[in-house]
Amino acid sequence: MGIVWKNRQVLRMLVLRDLHGKYRNFRLGYLWSILEPLGMTFVLWFVFSVLLGGRKLGEQPYFLFLSVAILPWWWFTKGIAASTRVFRGNMSPLTISLLPTEISVIRVLLVSMADFALSLPIIVIAMIVTWTFPGPLIVLFPVAIVVQMMLMYGVGLFVASVSALVPDFARIVRIVLRAMFYLTPVLYSIANIPEGARDISALNPLVSILGLYRIGFWPTETEGAAQLAVGLCVTVAFAIVGVITFRRLESRILKEA
Amino acid sequence: MASIRIQPELFAAVEFDDVSLSMPRSKRRGGQGTRNRIRRLAGESSRQQVPVFTDLSMSIMPGESVAILGGAKSGRHEFLRLAAGTLLADSGRVRRQARVVPILDNSRCLTAAYTTRQNIYLTAGLLGMTPGETAQRLDWIVDMAEAGRWLDTYLRGAPRNMRQRLVWTVSMATGAQIFVIEKSLVVGHGEFMERCWSHVEGLRAAGVTFLVTSDDPHDLERFCDRALVLKGGRILADTSVKEGLELVRPTPRTDPTDQPEDRDDN
């Protein structure tokens, strides 16, 4: 965190520059950061509640239920997928960069986070349209953001440094992310997880994090404090593993530049 | 290492203590047998670690201008990166008294899809300047690099030599006390080159330290007062520029750093 604070001005510039570059060529510009997830949410909502509405998935209103989890999920996928590309492609900036090497990873994670922040109005819109408002536990929403940031920092560092040295890893990450989408209660509720798999699913920190996002609206969406504690521990473990892996591989990454 | 460490109390400007480094080189996988053939077919290349430096020690005092000499693959590029801290030694220690600003192949770090102004801020940011500091020196940079006409156009459309002028000027604008410079002590032509000369000579007179490689012996003879000759991972000689150039002259000068010629051809 010290790194971020020390380089905050440069980071701010880099992130704004990236965001600008990302949306510059589109007619609708920054609106895409809302439209894209909104469109995807609509598709999933349509498929899983209108077309396949027979089985009860999640809570009502389903659109809100979906969007509260799918936006953080998107942030996670985009950020991690972007991390796999950080140390590939044009590495020449690394040969002159006097900034800490982590900054490159933090930069793409912050870009994905900014996208997430820009897409948050979708939840507000969904709340107004469905006229459902959260209870006092919504205070856990920002907590979930912080925990997710920590998780992404660890996973991002790990994924970025390993795929710098083993390009195949980036492909594996993509498949794992896709699998995780279905293994994590995004489309469905925590209650849909079969009894036998509960204990295993607690090890997936995203289960707890998405639960924290949803708990303000649907208090039944977490398994309780024990599961949250497990999720938090796993998150911290990921963060530590990520940082250690990165430290150990940093000099080899720099040699690739 | 979280960020490049600076030790202001250090007596030398840059100091290497028993520095060893090996760099990965990919080679097309050779060998006989079905197993190797299949791996070759799959595009797998073997990577080996080639030693570049072994237990190299040296120190450079503040205010010195040192020419780094050596033939092909003598590791001049790696030497400069180690000094700047953008490459980490496998063993041994590199210490520096102040921030070391690299001027390597910086024009490859520019982004053609951004405007000149944006590129100035980005490059300066990589070199550790905050946007505020860059803004203060923007006028000087634009003036020096003669970039006023292209300031808010995309770099794609700007003349090629402008990029060189730009990175050179931005790097100089950091106001660092130590520079490592690869082949671009001065850039550009004619009048701009003269201004580069007067700038770097002014800095040298003011006690700024330079580590320089160049393909032009005349530049080195004009600017440097000491030469380090690299060979076989060690310092072959620590001598005057004239003698140093004599030592490396027999070997034909080729580009030592770019294009590792044995890069995997897949």
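Visitor: What makes a residue of chain A count as buried, and what percentage of chain A is buried?

Guide: In this predicted model, a residue is called buried if 20 or more other C-beta atoms lie within 10 Å of its own. By that criterion, buried residues make up 39% of the 257 residues in chain A.

Visitor: Which elements make up chain A?

Guide: Chain A has twelve helices and zero strands. Of its contacts between residues at least 6 apart in sequence, 83% join residues at least 24 apart.

Visitor: Why is helix 4 of chain A called roughly antiparallel to helix 7 of chain A?

Guide: The axes of helix 4 (residues 62-84) and helix 7 (residues 121-130) of chain A come within 9 Å and cross at roughly 170 degrees. Angles over 145 degrees count as roughly antiparallel, and this pair is therefore described in that way. Phe63(A), Leu64(A), Ser67(A), Val68(A) and Leu71(A) of helix 4 meet Ile122(A), Ile123(A), Ala126(A), Met127(A) and Thr130(A) of helix 7. By class, this contact has eight nonpolar, two polar and no charged residues.

Visitor: What makes helix 3 of chain B and helix 5 of chain B oblique to each other?

Guide: Helix 3 (residues 116-126) and helix 5 (residues 160-173) of chain B have axes that come within 10 Å and cross at roughly 45 degrees. Parallel would require an angle under 35 degrees, and perpendicular one of 65 to 115 degrees; the two helices are therefore oblique. Helix 3 of chain B passes helix 5 of chain B in a right-handed crossing. Among the residues making the contact are Thr116(B) and Ile120(B) of helix 3 and Leu166(B) and Val170(B) of helix 5. The residues of this contact divide into six nonpolar, three polar and no charged.

Visitor: How many residues does each chain bring to the contact between chains A and B, and which helix of chain A gives the most?

Guide: Chain A brings 20 residues and chain B brings 28 residues. On the side of chain A that touches chain B, helix 2 of chain A gives the most, with six residues. The residues on that side comprise eleven nonpolar, six polar and three charged.

Methods:
Residues numbered from 1 in each chain as written. Chains lettered and ligands numbered in written order. Predicted model: local features only at pLDDT ≥ 70, side-chain atom pairs only at ≥ 80, totals over all residues. Contact = placed C-beta atoms within 7 Å. Helix = DSSP H or I, 4+ residues; strand = E, 2+ residues; numbered from the N terminus. Nonpolar A, V, L, I, M, F, W, Y, C, P; charged D, E, K, R; others polar. Axes fitted to C-alpha atoms, helices over the stretch in contact; angles between N-to-C directions. Left-handed = near helix turned anticlockwise from the far one by under 90°. Buried ≥ 20, exposed ≤ 12 C-beta atoms within 10 Å, placed from the backbone.
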